[in-house]
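Visitor: I would like to learn how to read a structure with several chains. Where do we begin?
Guide: With the display itself, and then one feature at a time.

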Amino acid sequence: MVGIVGYGSHIPRYRIRVEEIAKVWGADAPAYKKGLGLNEKSVPAPDEDCATLAVNASRNALRRANIDAKQIGAVYVGSESHPYAVKPTGTIVSEALGACPFVHTADLEFACKAGTEGMFIALHLVKSGVVQYALAVGADTSQGAPGDALEFSAAAGAAAFIMGSKNLAAELLDTHCYMTDTPDFWRREHAYYPEHGGRFTGKPAYEKHLFSATSGMLEKAKLKPEDISYVIFHQPNGKFPVNAAQKLGFKEPQYKLGLLCPTLGNTYSGSSPMGLAATLDAAEADRLILLVSYGSGAGSDAFIFRTTEKLLEIRDMAPKTRKQLDEHKQYIEYGTYAKFRRKILRAE
Amino acid sequence: MNEVAIIGVGMTKWGELWEKSLRDISVEAALKCLDDAGVDKVDSITVGTMSGGLFNAQEHIGSLVADYLGQRFVPATRVESACASGGLAVKTAYMEVASGLSQYALAVGVEKMTDVDGGDATFALATASDYDYEAFHGITFPGLYALMAVAHMKKYGTSLEQLAQVSVKNHHNGSLNPHAQFPFTVTLNQVMTSTMVADPMRLLHCSPITDGAAAVLLVPLAVAKKMNKSYAVITGIGHASDTIALCQRKDFAKLEVVEVAAQRALKMAGKTIGDIDFAEVHDCFSIAEIMVMEALGVVESGQGGPATINGLTALDGDFPINPSGGLKSKGHPVGATGVAQVVEAVIQLRGQAGPRQIKNARTALTQNMGGSGASSIIHILEAR
Amino acid sequence: MAMHVARNWRETPERYRMEAAKCKKCSAIHFPARLICPECQGREFATVRLSGKGELATFTIIRIAPTGFGDLIPYAVGIVKMDEGIHVMAQIVDCNPEELKIGDRVVSQFRRINQEGKTGMIIYGYKFVPDLGL
């Protein structure tokens, strides 16, 4: 038996509306909002980065897991905006939690699925018996190039999961992966912003991998869409995951809890993990959750969890995801946003 | 222990002295002092300067000054206590004479702050705080004093007008001082609408970046008596330290270090605060003057603001504070300030202060302070 | 630009985990840790992690900042009275600084403090945010 013993998320306080960004570039805001299924996104403050989001999300996970950080045997941080190109985020997170020194750590990168990658490794590592608890974090403060479509959606957030083999809040039933070499979106070293294949990112990329992973997972687990109470797909915008759900046979009540993108934006490695965290905050016990991520390059990781009674006991022990998303937001305009995101730099 | 008198004083004009170097201004002030005393050879030199290293890439300032003052082989000491380095230089020179080690002990205070840009100057000043636990968090010196102002305003109801009046009064005095960096008056409105630096400290609440030097010559009282001129005697010294970090002090609205130093100085001089005719205090920020006058016992705690507005500390008030213009108008070359306070005290006690002369000035108190109140050195001087 | 790797690394327990020293003799808590207790002169201490919760004792808003902090202007720096009874100085973020009040409840959060230039070390530490009771 293996599964989630603690989970947590962290969302920055600041938001920027689609209208604000559209205004600067002369873009059609209503069209973008409709086309992307997105109203606003989170913005990290200048003193936030992947490491700070990861630490704060992990601390929330630790509160729910109610274990001593020293019991964590492995820490994996997945991101496409690690603060250093060489020097792990995992060591910073481990040190900040107080998990050091008997900890295996690795930084992961696979575009938006680096978070679920860590979850896959953490779960199977605990299952193998090598460690008692393993922490997996998906955290990003990714950038969209000024004036590019991605600027409307590239957001910041993190979700962390501590995996263990007892006192489970959600038990893992099985995992399934689907991956090919598909160049839909990438960033070369020294390039500040990523590049993407436009409409190529749809059918041959997101759809192909996410759909294949989903159908493969259901088949492997001998389940049908209607057996799943909650489904969370990777959410690069508000449209893709809803279209995917409809095409794959899922209905709105099933994906409602986990759909954060319309007011959060795309948190990249945090995207589907944060959807899972939001789902766990409100799910009923003894229900099945299907989580399918997508990372450009490309691949999808699928997981099926069953919630337990324990989940209901622990979820009030740390800030809930929806609350962080909806309450105490601070809206900023484009100038402040550009400054926060270092698109304009002060000479110092 | 010998009793100690001051027989010579000197200072340069204070301001942005682009044409003059660190050694130029040190020597200029020292020569003026020696000429004033009518002495051409000294037995020791103490230089008070906060950071020749960070402002000028020059340490070993004792030897530098001794060398360029033409006082070869004279023992030279550099002392540092952040912005109280000058007061510490005077105290150290006092110890030279009191102990009998020196007959003619020169104390020079100097700081040449404009050879680095604003960012580097701010960094150098930040080293007077707890670097790892205060400057590290992005606090500045105006910020540290603003924290105290906020606490003082909350505890006692001190108002923004009262804070601003400190600057108005000191600028009035400084406009009468030919050595001042800013010899002009300012209005209450100008102060209260100047650029905000760290709420509630505005630009005109803050002392400036200044180049300047000041010097005093100390001798045993017996030597002073033989000379045919007026002199001042140092009758009391009080010196205290407190926590380096502001957040570890007991009361953010109080400068306890000044209370302790004042008690020690007054005790040594056999005086109470009521015996003091005027004071030169460390108004690095307007709130500092208010808190210092409370700590000295000039007024009760919390009454510094009202007393300032009511004119207690004006040039013609019952207890004039900062007749020189204070740090705000005269300037604040950090290591020099403490010595310049003593220079002003002596000039007042001699009756040589001209338009800013305080009537019947017989007993003076100078109060110099380091950092956010982590050190303070007080001297009590009497006219003879 | 000088490299301060050792100096910054050495501060990890305080900056990353707010570890303080509790005097074994008189129970006084010291942050940062000390070698000798100023209250009782004791020399033995236990490591304690501050809870991170406290209330704002005093604060100011920095509008002219030292090098490296320019992007944050205007930002609040305050002294927080921790629930453990001691005082700590730090920035207060994720708020409109003008809306802060003395007495506000705050909670610590891991944030980026500074960096040694664009290619140098990133320095992390603690800041406080309003305690929203989420």
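Visitor: Among contacts in chain A between residues at least 6 apart in sequence, what percentage join residues at least 24 apart?
Guide: Keep in mind that this is a predicted model. To read this feature, set aside the pairs that are close in sequence and see how far apart the partners in the remaining contacts are. In chain A, 79% of the contacts between residues at least 6 apart in sequence join residues at least 24 apart.

Visitor: What are the figures for chains B and C?
Guide: For chain B, 77% of the contacts with a separation of 6 or more are between residues 24 or more positions apart. For chain C, 48% of the contacts between residues at least 6 apart join residues at least 24 apart.

Visitor: In what order do the elements of chain C run from the N terminus on?
Guide: Read them off along the chain. In chain C the order is α-α-β-β-β-β-β-β-β-β.

Visitor: What radius of gyration does chain A have, and what would a compact globule have?
Guide: The idea is to compare a chain with a compact globule that has its number of residues. For the 348 residues of chain A, such a globule would have a radius of gyration near 20 Å; chain A has 19 Å, which agrees. For the 384 residues of chain B, the globule would be near 21 Å, and the 19 Å of chain B agrees with that.

Visitor: What do the chains span along their principal axes?
Guide: The C-alpha trace of chain A spans about 55 × 45 × 40 Å. The C-alpha atoms of chain B fill a box of roughly 55 × 45 × 35 Å. For the C-alpha trace of chain C, the span is about 45 × 40 × 25 Å.

Visitor: Take one residue, H152(B). Is H152(B) buried or exposed?
Guide: H152(B) lies in helix α6 of chain B. It has 27 other C-beta atoms within 10 Å, and 20 or more is the cut-off for a buried residue, so H152(B) is buried.

Visitor: Which residues is H152(B) in contact with, leaving aside its neighbours within four places in sequence?
Guide: The contacts of H152(B) are then T158(B), A253(B), I287(B) and M291(B). Distance in space is a separate reading: H152(B) and N173(B) are 21 residues apart in sequence, and their C-alpha atoms are 25 Å apart.

Visitor: How do α6(B) and α11(B) cross?
Guide: For two helices, read the distance between the axes and the angle. The axes of α6 (residues 141–156) and α11 (residues 286–296), both of chain B, come within 9 Å and cross at roughly 55°. The two helices are therefore oblique to each other. The crossing of α6(B) and α11(B) is left-handed. On the α6(B) side the contact is made by Y145(B), M148(B), A149(B) and H152(B), and on the α11(B) side by I287(B), A288(B) and M291(B). By class, this contact has 6 nonpolar, 1 polar and no charged residues.

Visitor: Which chains share the most contacts?
Guide: Compare the pairs of chains that touch. There are 2 such pairs, and chains B and C share the most contacts. Here 27 residues of chain B meet 23 residues of chain C. On the chain C side, β4 (53–62), β5 (75–82) and β6 (87–92) each supply at least two residues. That side divides into 16 nonpolar, 5 polar and 2 charged residues.

Visitor: Where does chain A touch chain C?
Guide: The contact takes 22 residues from chain A and 19 residues from chain C. The elements of chain A that give two or more residues are α3 (50–65), α4 (89–97) and α13 (321–326). The largest share, 4 residues, comes from α3(A). The side of chain A that touches chain C has 8 nonpolar, 5 polar and 9 charged residues.

Visitor: How far apart are the nearest C-alpha atoms of chain A and chain B?
Guide: They are 9 Å apart, and chain A and chain B do not touch.

Note on methods:
Residues numbered from 1 in each chain as written. Chains lettered and ligands numbered in written order. Predicted model: local features only at pLDDT ≥ 70, side-chain atom pairs only at ≥ 80, totals over all residues. Axes fitted to C-alpha atoms, helices over the stretch in contact; angles between N-to-C directions. Parallel < 35°, antiparallel > 145°, perpendicular 65-115°, else oblique. Left-handed = near helix turned anticlockwise from the far one by under 90°. Contact = placed C-beta atoms within 7 Å. Nonpolar A, V, L, I, M, F, W, Y, C, P; charged D, E, K, R; others polar. Rg over C-alpha atoms; globule rule 2.2 N^0.38 Å. Buried ≥ 20, exposed ≤ 12 C-beta atoms within 10 Å, placed from the backbone.
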